Amino acid sequence: MVLASQGSAVAAAAEEGKSALGRYPERVYVPNSAADTLHVIDPKTFKITATLPVGKAPHHITPSWDLTKLYVTNTSGNSLTVIDPMTGGIVGTIPVEDPYNLYFTPDGTMAVVVAERHKRLDFRDPKTWKLIKSVPVKWAGVDHLAFSRDGSYLVASCEWSGRIVKVDLKKLELVADMALGKTPVDVVRPPRQHLMFIADQTVHGVFVVDPDAWKQVDFIPTGRGTHGILRSHDEKSLYASNRL
């Protein structure tokens with residue numbers, strides 16, 4: 001199974017050197033924000049096997065922490081569409097306000113709903129989806145994040161403000177922010193490393209940040225419109241998508 005957006009569950013499995021994804025049929029899931037649908041594609045034949053109606057403006061797809069479900073984040077529809085990765089079908093809908101993006105803490109105890117238009121991170125119970133606490137982010141465009149290696153904090157990008165922020169996961173409070181580039185988007189921490197790699201769509205490259213020291217340590221020029229970052233299966237490389 002290949003996901004359009006990889007959540008912390010996949011990263012956690014990779015951290016432990018194992019994966020639970022092999023038991024599912026290999027599929028590519030692609031959200032279509034303009035049509036409010038989800039395409040299911042067989043990567044062996046490159047054919048669309050299903051087009052599913054989801055909520056309004058789906059943006060990302062995140063696996064549940066235990067890798068048994070997929071969640072489509074319908075940001076304008078204020079809902080999560082639940083997909084069974086075994087069948088590729090819809091099995092439920094969960095009302096959640098403004099889920100532009102979705103992550104799970106490394107220990108699986110909290111879901112982190114990235115409410116971009118409301119400028120906040122909503123920490124929720126991943127079973128009941130009840131709100132635990134909202135953490136306001138004063139910078140516009142909060143959208144992607146990664147967790148520290150020890151799981152004590154997260155780092156989130158604020159795309160429209162040229163900043164990144166750090167949130168303490170014990171206090172559930174914003175504890176630091178930093179100016180970085182112009183439009184930072186995807187944030188990735190490779191397994192067994194502490195450095196974070198942050199794509200910037202306007203300066204056309206990837207910033208390398210030491211999140212413990214809270215400083216930029218490098219910048220890697222790539223192509224125009226660097227947006228997403230994905231690691232190779234052998235974990236030796238990172239791929240940056242240059243969408244412009």
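**Cores and charged residues**

Reply: A nonpolar core is a set of buried Ala, Val, Leu, Ile, Met, Phe, Trp, Tyr and Cys residues joined through side-chain atoms within 4.5 Å, where buried means under 20% relative accessible area, exposed over 50% and partly exposed in between (1.4 Å probe, protein chains only). In the largest such core, of 18 residues, the members touching the most others are Val112, Leu121, Phe123, Val142, Leu145, Phe147 and Leu154. At least two core residues come from each of strands E9 (111-115), E10 (120-124), E12 (142-147), E13 (153-158) and E14 (163-168); strands are DSSP runs of at least two residues, numbered from the N terminus. A second, separate core has 13 residues, including Val155, Ala176, Phe207 and Trp214.

The model is predicted: local features need pLDDT of at least 70, side-chain atom pairs count only at pLDDT 80 or more, and totals for chains, interfaces and linings use all residues. Residues are numbered from 1 along each chain as its sequence is written, and side-chain values use heavy atoms, leaving out hydrogens and water.

Me: Which side chain of opposite charge is nearest to Arg124?

Reply: A salt bridge requires a side-chain nitrogen of Lys or Arg within 4 Å of a carboxyl oxygen of Asp or Glu. Arg124, in strand E10, is buried without a salt bridge, and the nearest side chain of opposite charge, Asp122, is 4.2 Å away. The Arg124 side chain does reach the backbone oxygen of Trp129, at 2.8 Å.

Me: Is Lys119 buried or partly exposed?

Reply: Lys119 has 35% relative accessibility and therefore counts as partly exposed. Lys119 lies in the loop between E9 and E10.

Key:
Helices (H or I, at least four residues) and strands (E, at least two) are DSSP runs, numbered from the N terminus. Lys and Arg count as positive and Asp and Glu as negative; His and the chain ends are not counted. A polar contact is a pair of N or O atoms within 3.5 Å; within protein, one must be able to donate a hydrogen and the other to accept it, and residues adjacent in sequence count only if both atoms are side-chain atoms.
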